[in-house]
Amino acid sequence: MNNFTFANPTKILFGKGQVENTGKETAAIGKRVLLLSGGASSRKSGLIGNISRQLQGSGVHFVEQSGVSPNPEIGEVRKGANTCKSEKLDAVLAVGGGSVVDAAKAIAAGACYGGDPWDFFGKKTSPENALPIGVVLTLSATGSEANGNSVVSNAATNEKRPMYSPLYYPKFSILDPELTYTVPKDQTAYGSIDILSHVYEQYFHRAQNSPIQDGLAETLMRTVIENAPIAIENPADYDARANLMWASTMALNGILSCGTGGDWSSHMIGHELSANYGIAHGAALAVIFPAWMKHVHTANPRRFRRFAGKVWMINTAGMNDAQAADAAIGAMEDFYTNKLKTSVRMKDYGIDGAKLELMTASAVKFRQLGVFKPLTREDILEIYRLAM
Ligand code: NZQ
Ligand code: ZN
């Protein structure tokens with residue numbers, strides 16, 4: 001096990017009815033709040049109405065900004081940061097999925113910064129200060145509810161860039177699984193694939209003797225594989241929704257990579273598909289991860305044999321390493337296609353080979369990719385080709 005430092009300051013309020021604590025928790029972090037939400041879902045469900053009443057009851061003044069888009073845009077961040085400045089707001093409350101939470105983080109830092117918030121994503125500078133952030137999560141997927149990451153797109157430059165700041169950890173996150181009952185089938189599938197992909201990014205490591213990390217990862221993957229089809233079939237199954245929600249947080253709150261690290265090249269390669277073709281994050285991962293696995297499994301065949309046996313419950317006795325890896329990747333593709341009804345091919349999203357070189361160059365703009373297997377540009381091109 002490698003040395004590590006772990007700190008996660010986010011207070012989690014998990015379970016049925018926890019949404020009723022939003023007013024009280026928000027009042028503890030600010031008196032003048034930006035209430036940030038996505039398209040229509042949280043208004044339609046009555047959630048924004050409920051939260052507005054709670055904020056009023058708790059003496060919190062608030063200004064609303066709705067319409068944060070999936071794959072949030074830098075323009076939405078600029079708008080929120082400007083509102084925080086002009087209205088002298090002192091906290092941001094995000095109500096929504098990962099896109100709203102990520103936008104809230106960038107707004108919170110942008111509100112304390114004199115320049116353009118895109119500077120954070122373009123690696124020009126790092127935030128030195130940020131307003132406190134609170135979260136009411138409505139979709140289980142990204143882990144943004146308890147981590148320091150924010151991912152924002154810039155349509156003007158066809159970029160989608162992640163950044164991390166310790167200032168971005170929410171002060172509190174309300175994880176009330178009943179708020180996810182209205183998540184449609186496709187978004188439930190994409191969210192579940194995102195959770196699995198976060199675990200893959202950390203499970204496929206090169207560290208030795210890591211039974212705690214490996215066991216945690218395998219439990220998380222099995223939990224998602226068992227519960228996602230139940231939530232898709234019966235959206236109001238409390239236990240399925242609760243297990244997915246906790247899996248979302250556990251997969252990317254930092255605990256899974258303690259002592260083992262992470263790879264994250266599939267995320268960077270997948271972000272290019274969202275930046276250039278606007279596809280959902282989970283959809284991008286559904287096509288890229290199988291291709292990445294096909295390309296890299298020889299770097300550590302024993303890990304893929306273990307993945308086949310412990311995660312996909314395949315009896316690998318009598319199989320050679322390549323056959324065991326093939327069987328695991330095949331089981332995963334079959335699960336995505338037949339249980340989650342999600343394509344594992346780029347062409348099904350109308351993506352052809354026209355931009356492969358451009359996307360490859362953009363994916364490595366800030367750093368070389370690959371820890372499990374260092375990737376050259378030719379490797380990345382081959383992963384895109386395998387995903388076609
Ligand atoms: O906009 P509304 O109307 O709210 O609809 C949203 C959106 O269309 C809908 N939705 C959310 N909660 C709902 C609901 N519909 C009905 N009922 C509910 N309760 O779902 C759609 C997708 O929402 P979005 O927030 O975009 O999804 P997700 O949570 O998957 O977030 C995706 C974004 O997070 C980034 C992704 O790249 C992407 O931009 N990520 C953030 C990470 C992080 N901060 O750590 C890590 C991830 O790897 C990821 O990159
Ligand atoms: Zn992700």
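**From the surface to the metal site**

Phe6 is found in the segment that comes before strand E1 (11–14). In this predicted model, Phe6 is partly exposed, with a relative accessible area of 37%, a value that falls between the 20% under which a residue counts as buried and the 50% over which a residue counts as exposed. Together with Met1, Phe4 and Ile212, Phe6 forms a nonpolar patch on the surface, and the accessible area of these residues together is about 420 Å².

E6 is joined by six bridges to strand E7 (residues 159–164), and the two run antiparallel. Within this pairing, Asn154 has Glu159 of E7 as its bridge partner. Four residues lie between the strands of this hairpin, and in it Asn158 adopts a positive phi near 55 degrees.

The zinc ion (ligand 2) is held at 2.0 to 2.1 Å by Asp194, through OD, and by His198, His267 and His281, each through NE2. Along the sequence, these donor residues follow the spacing D-x3-H-x68-H-x13-H. Because His198 belongs to helix H7 (residues 185–203) while His281 belongs to helix H11 (residues 281–296), the pair ties together parts of the structure that are 83 residues apart in sequence. His198 and His281 are both buried, whereas Phe6, with which this account began, is partly exposed.

Note on methods:
Residues are numbered from 1 along each chain as its sequence is written. Chains are lettered from A and ligands numbered from 1 in the order in which they are written. This is a predicted model: local features need pLDDT of at least 70, side-chain atom pairs count only at pLDDT 80 or more; totals for chains, interfaces and linings use all residues. Side-chain values use heavy atoms; hydrogens and water are left out. Donors are N, O and S atoms within 2.8 Å of the metal (3.2 Å for Na, K and Ca); water is not among the atoms, so sites may look incomplete. Buried means under 20% relative accessible area, exposed over 50%, partly exposed in between (1.4 Å probe, protein chains only). Patches are made of residues with over 30% relative accessible area and no salt bridge: like charges are joined within 9 Å, nonpolar side chains (Val, Leu, Ile, Met, Phe, Trp, Tyr) within 5 Å. Accessible areas come from the Shrake-Rupley method with a 1.4 Å probe; for residues, only the protein chains shown count as cover. A salt bridge is a side-chain nitrogen of Lys or Arg within 4 Å of a carboxyl oxygen of Asp or Glu. Two strands pair if DSSP finds at least two bridges between them.
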